[in-house]
Amino acid sequence: MSAADAIRDFLAPLLPGYVLQYGRWMDDPSDRSKRFAVLRPAGGGRAELVRRPEFTLSLIGPEGEPTNAVAAAADAVIEAMRASAGTLVFLQPAEPVFMPTSDGRPVLEIAISAITT
């Protein structure tokens, strides 16, 4: 299992109601009420025996949702990562950064460092 698969498996139960995507955000213009969680690889150190992949997680709220609802989901993810790394050796989230979409939907982005073997 790859680190990306392990993180997706870790996130899925933490983010009920979110559409989990990998690599890029694919919006659904016909339904602006959906929430999205987009996991993107961001590189990391060189591939050795112990790997240190880096990811970003974007939590995107639906149109009109207050920022604090998305912030609550980000806090839940961060607290879960502090308590457990799931099937990975280690997960370290960074401080979430607020960056709304061009149409005003709330987005919180979290950098994630992992250690896996």
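**Salt bridges across the chain**

I started with R105, which forms a salt bridge with D27, the closest N and O atoms being 2.6 Å apart. R105 lies in the loop between strand 5 (97-98) and strand 6, and D27 in the loop between strand 1 (18-22) and strand 2, so this pair ties together parts that are 78 residues apart in sequence. I noted that this is a predicted model, and that side-chain atom pairs count only at pLDDT 80 or more.

Next I looked at R32, which makes a salt bridge with D103, their closest N and O atoms being 1.9 Å apart. This pair also links distant parts of the chain, with R32 in the loop between strand 1 and strand 2 and D103 in the loop between strand 5 and strand 6, 71 residues apart. I recorded R32 as partly exposed, at 27%, and D103 as partly exposed, at 33%. Through shared partners, salt bridges join D27, R32, E63, D103 and R105 into one network.

**Within helix 1**

My search of the whole structure gave 9 salt bridges, and one of them joins D5 to R8, with the closest N and O atoms 2.2 Å apart. Both residues lie in helix 1, 3 residues apart, which is about one turn of the helix. D5 counts as partly exposed at 29% relative accessibility, and R8 is partly exposed at 25%. I also found that R8 lies over the face of Y22, at 4.7 Å from the ring centre.

**The nonpolar core**

I turned to the largest nonpolar core, which has 27 residues, and asked which of them touch the most other members. They are L57, L59, L91 and I112. Helix 1 (3-11), strand 2 (35-44), strand 3 (53-60), helix 2 (67-83) and strand 6 (107-115) each supply at least two residues of this core, and helix 2 gives the most, with 7 residues. For L59 I listed the contacts beyond four places in sequence, among them L15, Y18, F36, V70, A73, P106 and I110.

**Strand 4**

Strand 4 runs antiparallel to strand 6 and is joined to it by 4 bridges; the bridge partner of L91 in strand 6 is A114.

Notes:
Residues numbered from 1 in each chain as written. Predicted model: local features only at pLDDT ≥ 70, side-chain atom pairs only at ≥ 80, totals over all residues. Heavy atoms only, no water. Core = buried A, V, L, I, M, F, W, Y, C linked by side-chain atoms within 4.5 Å. Buried < 20%, exposed > 50% of the residue type's maximum accessible area, 1.4 Å probe, protein only. Contact = heavy atoms within 4.5 Å. Lys NZ or Arg CZ within 6 Å of the ring centre and 35° of its normal. Pairing = 2+ DSSP bridges. Salt bridge = Lys/Arg side-chain N within 4 Å of Asp/Glu carboxyl O.
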